[in-house]
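Here is a walk through one protein model. Begin with its contacts, then move to its strands, its backbone and its open spaces.

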Amino acid sequence: MAKENTPEIKEEIASNFIHDFIDKDLESGVYSRVQTRFPPEPNGYLHIGHAKAICINFGAKEKYHGICNLRLDDTNPTKEDTEYVEAIEEDIKWLGFDWDNVYFASDYFDYIYDCAIKLIKKGKAFVCDLTPEQQREYRGTLTEPGKESPYRNRSIEENLDLFERMTKGEFEAGSKVLRAKIDMSSSNLNMRDPIIYRIMFAHHHRTGDKWCVYPMYDFAHPLSDACENVTHSLCSLEFENHRPLYDWVVNECVEGEKPRQIEFARLNLNYTLTSKRKCLKLVQDGIVDGWNDPRMATISGMRRRGYPAEAIRDFCERIGVSKAYSVVDFALLESCVRDNLNRNSRRAMAVLDPIKLIIDNYPEGKVEELEVEYHPDHPEYGTRKIPFSKELLIERDDFMIEPIKKYRRLYIGNEVRLYKAYFVTCTGYDTDDAGNVTAVHCTYDPETFGGDSPDGRKVKGTIHWVSANDNAKAEVKLYERLFDVPNPSDEDGVSSFEDNLNPNSLTTVTAYCEKSLASAKPGDKFQFMRDGYFCADITSTEEKLVFNRTVQLRDSFNKKQ
């Protein structure tokens, strides 16, 4: 399904409307340079939606040989933490981008505060004593204009005095706010005298206890852009209705060149949640193993699961840039991951559900070291040695007592190829007292070493294997999607997103791998032949190997629905 959609998506990439806008701005002389920024709030880990914004902002920098800064929007100290700052920086670098400068919105608190004073002196801002409930009542609706606050016409002197006393901590949180004086009858609710400063007694991770008033995002953001000389402020579509306020702030407070806001459609990916509030709840409730759980849609979770950074960038390019709301199929992301890993990951053999295979006519005690390449298209990856002996391990479903139609693997009388080794013919099997198969017996043809027959006979089945006595034991985590419905959010007001969790999102098995994998380092990626793509987990050690399944060889999820 994913590959069928790819050509249409690729066609959309041919025209990037953001670049079209930038081209016109440069041609008309509105700007002589291009500068963007990526401004996340450090109140959680970055997710796949942020990856799209990162690619757009840093991609503009690369195309136009401009500047892109990282700016941490730390205007709400009650939700922010240095842990998130460090994680954000790590994720951006891992994706393959680098910023020109790192800034914080808190770097501009003095400047933003001075702009608030400037607005008061211009008669464009006032201190309001309405309660939050009264403010909502006075705001009006989409069809009815709002009412002016009874405090709207306070004198400039009174507003300056009250705002200074707010700054000194003389009033309780919530008792007063500073509001811009714009238009309570505007059809855009964001322009109806919005709050630009509120009282908040909270310790800030960078400024400490210097401030007890903090600017609102819609006030701090355009002024931070202006401070950094941003030309094009690229943001997701939910800020489109905020653009008039963005322009009002910079026009009232900034002299000279001003930044321009351009919006693009955010990334909506089915079977995932990207809400930081909901992701935090998943972490706090122990439903997942932290923000970097491989089932999470966070960049760190995808990295831990084994998604290559190049595949995520490829995915963001394929979905293109538009203003139209759409939901992208998770299968397209998995297809990008699968394509990348198929080209680049080393091959190895691992048995996830083992059963013993005994070659009865193979010499007792004999061990052959088979030298096998890691990747057929990458000779530079080198080779590894795989021990072959009388007793091997194969997948349990590679043998059937009574084969189904078109079954090409082991059953009594059938001949198959052991990968890179010999042809073997099944002769029998052992069972325990309960009738469960414990071992499969076969004979081998010593003339078929390497997997080919000198007499030209063909076999239809090839199975993988590992030595029963010389292998690497590993814990393997088989991940599926965290949610089993396309839209797992609780926005319908009926179900909770926890109700939509996939109970089979993680299965842990003990596997036996070829011994070369014993030296795998965290982050190393492999194709376990016939099973899928796997990555050594960050917890993996030589003493205890742990592998995460990144993605299956084919998209099997939709077939299960």
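A polar contact is a pair of N or O atoms within 3.5 Å; within protein, one must be able to donate a hydrogen and the other to accept it, and residues adjacent in sequence count only if both atoms are side-chain atoms. This is a predicted model, in which local features need pLDDT of at least 70, side-chain atom pairs count only at pLDDT 80 or more, and totals for chains, interfaces and linings use all residues. Residues are numbered from 1 along each chain as its sequence is written, and side-chain values use heavy atoms, with hydrogens and water left out.

Start at His 464. The side chain of His 464 makes a polar contact with the side chain of Arg 530, at 2.9 Å. The His 464 side chain also reaches the backbone oxygen of Ala 350, at 3.0 Å. His 464 sits in the loop between strand E21 (462–463) and strand E22 (466–467). Helices (H or I, at least four residues) and strands (E, at least two) are DSSP runs, numbered from the N terminus. With 1% relative accessibility, His 464 counts as buried. Buried means under 20% relative accessible area, exposed over 50%, partly exposed in between (1.4 Å probe, protein chains only). Not counting residues up to four places away in sequence, His 464 touches several residues, among them Met 349, Leu 393, Tyr 419 and Asp 531. Contact here means heavy atoms within 4.5 Å.

Now follow Arg 530 into its hairpin. Arg 530 takes a positive phi near 75° in the hairpin of E25 and E26, which has three residues between the strands. Strand E25 (residues 525–528) runs antiparallel to E26, and four bridges join them. Two strands pair if DSSP finds at least two bridges between them. Phe 528 stands opposite Gly 532 in E26. On to the next partner: E26 and strand E27 (residues 545–551) pair in the antiparallel sense over four bridges. There, Ala 536 stands opposite Phe 547 in E27. Why is E26 largely enclosed by the rest of the structure? Five of the five residues of strand E26 (residues 532–536) are buried, so it is largely enclosed.

Other backbone points deserve a look. Most residues other than glycine have a negative phi. His 65, in the loop between H3 and strand E2 (67–72), has a positive phi near 50°. His 65 is exposed, with a relative accessible area of 73%. Tyr 271 also has a positive phi, about 65°. Tyr 271 lies in the loop between E10 and H10 and is buried at 8% relative accessibility.

Finally, the pockets. On a 1 Å grid over the protein atoms alone, a pocket is an open set of points where a 1.4 Å probe fits, with protein on both sides within 12 Å along at least five of seven lines; lining residues have an atom within 4 Å of a point. A volume is the space filled by probe spheres set on the points, which are joined across faces, edges and corners. The largest pocket has a volume of about 1,500 Å³. Of its 48 lining residues, His 47, His 50, Glu 238, Arg 266 and Thr 274 are the closest to its centre. The second largest pocket holds about 500 Å³. Of its 23 lining residues, the closest to the centre are Gln 135, Arg 139, Pro 194, Ile 195 and Met 216. H6 gives the most to this second lining, with four residues.
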